[in-house]
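The sequence and model are shown first.

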Amino acid sequence: MKKLTVIVPCFNEEEALPIYYQEMSKVMAEMPELETELLFVDDGSTDRTLRVMKDLHILDARCQYLSFSRNFGKEAAIYAGLRNATGDYVAVMDVDLQDPPHMLPHMYKILEQEGYDSVATKRSTRTGEPRIRSFLSESFYKFINKISKTEIVNGARDYRLMKRNMVDAVLNMSEYNRFSKGIFEWVGFRTKWLEFENVERSAGTTKWSLRKLFFYSMEGITGFSVAPLSLASIMGVVFCLLSFIIIGFIVLRTLIWGDPVSGWPSLVCIVFFVGGIQLLCTGIVGQYLSKTYLETKHRPIYILKESSEGDLEK
């Protein structure tokens, strides 16, 4: 019998976990041909999330769990799940039911019958999401697809089902700064996309603030494109040429009309403007340098505090 591992990252989800388990129990009953396990990853929760995971493990041996020593982020939780998944098929799914579990049997049939290596999902609508958040998300996808060679589908979710060969390929990319949506696309493999309408959370509140989404988008941009570095170089050349033109204009103006002192307000504005551009370019270079610095430190992506199986790989 083939095995399916469902990775479920969790951070302060004590309310959503029991609801998710009830829904997944129905879905697992629809797939008797598969041995299914739920691998919950506690990302350093501060509520009773870990306690609920332990209770589910006692109730149902199919429920396994990993618990981090602190909050390492969703990307680390996904990576830890992939590292410890033992299934022939591996799925990644959110616990709040915004990734509909009822789609999983259909996704499995596609892999079995149509020869795909992965079935991924994307939202067809953003109903119920704040407009500013929807606008920023859509702008991010448009921007990153223009500057990156790796195409990231607009509205893509982390919710997907993969065969073992694709999972192994993803695990070969053990970089510290992770952006799974880009990694899944970069490794290639045949992927079929399924759409679904946006679903409200079953319980609890979202952990993704605009600030966290911004830094997450920066991970994607710096991880899968060097276009910002090229932009900084181009801006440097443009402003260097512009400065020569301005110098020539000032010299010519002084020789013809004299009075070189006038115009100091505009000069101050130019100095501030050029200084801002320089700081911007320095900041862009600094972002890439910081990523390189973190990679060279070779720190672990996550630290495992405890698990349902003591011999799970760290």
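Which residues do ring pairs link into a cluster? The members are F68, F72, Y79 and Y302. The model is predicted, so local features need pLDDT of at least 70 and side-chain atom pairs count only at pLDDT 80 or more, while totals for chains, interfaces and linings use all residues. Residues are numbered from 1 along each chain as its sequence is written, and side-chain values use heavy atoms, with hydrogens and water left out.

1. Aromatic pairs. Rings of Phe, Tyr and Trp (its six-membered ring) pair if their centres lie within 6.5 Å; planes under 30 degrees apart count as stacked, over 60 as edge-to-face and the rest as tilted. The count by this rule is 5 aromatic pairs. In one of them, Y79 and Y302 have ring centres 6.4 Å apart and planes at 65 degrees, so the pair is edge-to-face. Y79 belongs to helix α3 (residues 74-84) and Y302 to the loop between α10 (264-297) and β8 (304-307), so this pair ties together parts 223 residues apart in sequence. Helices (H or I, at least four residues) and strands (E, at least two) are DSSP runs, numbered from the N terminus.

2. Buried means under 20% relative accessible area, exposed over 50%, and partly exposed in between (1.4 Å probe, protein chains only). Y79 is buried at 8%, and Y302 is buried at 6%. The rings of Y89 and Y108 have centres 5.3 Å apart and planes at 90 degrees, so they too form an edge-to-face pair. This pair ties strand β4 (residues 89-92), which holds Y89, to helix α4, which holds Y108, across 19 residues of sequence. Y89 has a relative accessible area of 5% and is buried; Y108 is buried at 9%.

3. Charges over rings. A charge sits over a ring if NZ of Lys or CZ of Arg is within 6 Å of the ring centre and within 35 degrees of the ring normal. R70 lies over the face of F72, 3.9 Å from the ring centre, and R190 over that of Y116, at 4.4 Å.

4. Strand β6. In β6 (residues 156-163), 7 of the 8 residues are buried. Two strands pair if DSSP finds at least two bridges between them. β6 pairs with β4 in the antiparallel sense over 4 bridges, with A91 opposite L161. Strand β5 (residues 118-123) is also joined to β6 by 4 bridges and runs antiparallel to it; here K122 stands opposite A156.

5. Salt bridges. A salt bridge is a side-chain nitrogen of Lys or Arg within 4 Å of a carboxyl oxygen of Asp or Glu, and the structure holds 16. D99 and R157 form one, with the closest N and O atoms 2.9 Å apart. D99 is in the loop between β4 and α4 and R157 in strand β6, 58 residues apart; both are buried. D158 forms a salt bridge with K181 at 3.5 Å, linking strand β6 to helix α7 (residues 180-186) across 23 residues. Both D158 and K181 are buried.

6. E185 and R160 meet in a salt bridge (3.5 Å, N to O), which links helix α7 to strand β6, 25 residues apart. E185 is partly exposed at 22%, whereas R160 is buried at 2%. Salt bridges that share partners join K74, D94, D99, R157, D158 and K181 into one network.
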